[in-house]
Amino acid sequence: MKKVISIACVCTAALALCTACDASPATVSASSATVAFSPPSAAASSPTAEPAPEEATMVAQESEFEVEGLRLIWGDTPDGAELIDSLLMSDGTYRKSYMSDDGIVFTQERLAASYAAEQQEVLDLLMQCNPDAYDVSVERNDEISERLTYPSWSVEFKTGHNEDTRQCGGAYVTTDSWDFLVTYIIPIDWMEDYEGQPEQWLAGLILAE
């Protein structure tokens, strides 16, 4: 019988687009993360103050779309995955979320380049994207880094509680032009059924243009 997963309960990573190395694994437990931004101020007497950069606007939503430039995509996921959520912004950042026939959600996000080089920096970026995540871990993944030729980290975290708990995992990759976050989302009660699959999914990641 086909398993059913509620879209409303999936990991925050499937529903939020953030704007955003060698070290031992870091672990953090958190229910939220807050980042305060103070816009630069210009002197009132200065008529030549540069205007603040325009905020990115939405270009497309809830539809399949083509994007230019570098993309990080899942290359080996269950058959029958269908688009369930998408968002394209005018600055080129985007997210796409797919659900497989058996109810596993896979997300792809392209984020503003952060040039993060330290494990803690990547953890902070991950928490900005998923402020409700807990049991979070970030670990440098040399195998993915070597294959993609860019710094890469394995990420794992949980969202939700009790019967709505979701196990999330994936990879965070930093390049010269973009950051990328890909995640899989599995109901915690299903994890035994997918033993060994996350490693196979991550091994199939592809950087494409």
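Student: How many aromatic pairs does a search of the whole structure find?

Tutor: In this predicted model, the search of the whole structure finds 5 aromatic pairs.

Student: What makes Phe65 and Tyr94 an aromatic pair, and why is the pair called edge-to-face?

Tutor: The ring centres of Phe65 and Tyr94 are 6.1 Å apart, and rings pair if their centres lie within 6.5 Å; the planes stand at 85°, and an angle over 60 degrees counts as edge-to-face. Phe65 lies in the loop between strand S2 and strand S3 while Tyr94 belongs to strand S5, so the pair ties together parts that are 29 residues apart in sequence.

Student: Why is Phe65 called buried?

Tutor: Phe65 has a relative accessible area of 9%, and buried means under 20%, so Phe65 counts as buried. Tyr94, at 2% relative accessibility, is buried by that cut-off too.

Student: How do you know that the pair of Phe106 and Trp201 is edge-to-face?

Tutor: Their ring centres are 4.9 Å apart and their planes are at 85°, so the pair is edge-to-face, given that planes over 60 degrees apart count as such. This pair links distant parts of the chain, with Phe106 in strand S6 and Trp201 in helix H3, 95 residues apart. Ring pairs also link Phe106 and Trp201 into a cluster with Trp74, Tyr184 and Tyr194.

Technical notes: Residues are numbered from 1 along each chain as its sequence is written. This is a predicted model: local features need pLDDT of at least 70, side-chain atom pairs count only at pLDDT 80 or more; totals for chains, interfaces and linings use all residues. Side-chain values use heavy atoms; hydrogens and water are left out. Rings of Phe, Tyr and Trp (its six-membered ring) pair if their centres lie within 6.5 Å; planes under 30 degrees apart count as stacked, over 60 as edge-to-face and the rest as tilted. Helices (H or I, at least four residues) and strands (E, at least two) are DSSP runs, numbered from the N terminus. Buried means under 20% relative accessible area, exposed over 50%, partly exposed in between (1.4 Å probe, protein chains only).
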